[in-house]
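Work through the exercises below with the sequence and the model open. Try each task before reading its solution.

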Amino acid sequence: MARVHVFDHPLIQHKLTILRDRRTGPKEFRELVNEIAMLMAYEMTRDLPTEEVEVETPIAVARSRVLAGRKLGLIPILRAGLGMVEGMLRLIPAAKVGHIGVYRDPATLEPVEYYVKLPPDLPERDLFLLDPMLATGGSAVWAVDAVKRRGGTHVRFVSLIAAPEGIRRLTDAHPDVDVYVAAVDERLDEHGYIVPGLGDAGDRLFGTK
């Protein structure tokens, strides 16, 4: 059964509050998304397996640990998911990056695909799907479907803010996909926006309307 992890780290919550503020401009918004993503990556990777190795220090040989097991992959959902990639790559620079392009039809609120490019060794990687907002859950479910159809088997979904409706839809459709968020907000409004949310993450990242 899918687990929902809500990160209550003080630094994450502090930066998220500034991110929500309507007065925060695109430059600071982008920096904050990167910083929050990096902090979330630190928390999410606590369970990565390690193995013991020997390394020669300037003083003596030390027995220490390095990452072991499966490789990692980051898959942002375009376009807003791009804002989370750089921060996560700072901690896991060897991760491969794929891209999924999907937009939400304004009339039906359902996802429409326009681009998919994923690493060829997808089945060999632990995959993190990235999207700052988990609203209706339609794009998230579609993106997980797209990854699984291409052989991805170990998938986690990472978002800054989620609505309860989106979490339910994603976890009902994919009970094997854990969800990682910085906050779970109240609800969706009649237009499918998260309340109180932070507005349109893509527009605020890139300064568009």
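**Exercise 1. Describe the largest pocket: its lining, its centre and its volume.**

Step 1. Start with the lining. It has 30 residues, and R104, D131, M133, Y193 and D200 lie nearest the pocket centre. A pocket here is an open set of points on a 1 Å grid over the protein atoms alone, where a 1.4 Å probe fits, with protein on both sides within 12 Å along at least five of seven lines; lining residues have an atom within 4 Å of a point.

Step 2. Take the volume. The largest pocket holds about 770 Å³ of space. That volume is the space filled by probe spheres set on the points, which are joined across faces, edges and corners.

Step 3. Find the contributing elements. β4 (71-78), β6 (99-104), β9 (133-134), α4 (138-149) and α6 each give the lining at least two residues. Helices (H or I, at least four residues) and strands (E, at least two) are DSSP runs, numbered from the N terminus.

A note on the source: this is a predicted model, where local features need pLDDT of at least 70, side-chain atom pairs count only at pLDDT 80 or more, and totals for chains, interfaces and linings use all residues. Residues are numbered from 1 along each chain as its sequence is written, and side-chain values use heavy atoms, with hydrogens and water left out.

**Exercise 2. Which residues of the UniProt "binding site" at I194, G199, D200 and A201 line the largest pocket?**

Step 1. Read the record. An unreviewed UniProt entry places this feature at I194, G199, D200 and A201. Positions follow the numbering used here, feature names are shortened, and annotations may be inferred rather than shown by experiment.

Step 2. Compare with the lining. I194, G199, D200 and A201 are in it.

**Exercise 3. Are I194, A201 and D200 buried or partly exposed?**

Step 1. Apply the cut-offs: buried is under 20% relative accessible area, exposed over 50%, partly exposed in between (1.4 Å probe, protein chains only).

Step 2. I194 sits in strand β13 (residues 194-195). It is buried, because its relative accessibility is 8%. Its contacts (heavy atoms within 4.5 Å) include M133, A135 and L188, with residues up to four places away in sequence not counted.

Step 3. A201 belongs to helix α6 (residues 201-206). A201 has a relative accessible area of 6%, so it is buried.

Step 4. D200 is in the loop between β13 and α6. At 30%, D200 is partly exposed. Its side chain has a polar atom 2.9 Å from the backbone nitrogen of D203.

**Exercise 4. Where do F7 and Y180 lie, and how do their rings pair?**

Step 1. Check the geometry. The rings are stacked, at 6.0 Å centre to centre and 25° between the planes. Phe, Tyr and Trp (its six-membered ring) pair if ring centres lie within 6.5 Å; planes under 30 degrees apart are stacked, over 60 edge-to-face, the rest tilted.

Step 2. Locate the partners. F7 is in the loop between β1 (4-6) and α1 (10-20), while Y180 is in strand β11 (residues 178-184), 173 residues apart. Both are buried.

Key:
Polar contact = N/O pair within 3.5 Å; in protein donor to acceptor, adjacent residues only side chain to side chain.
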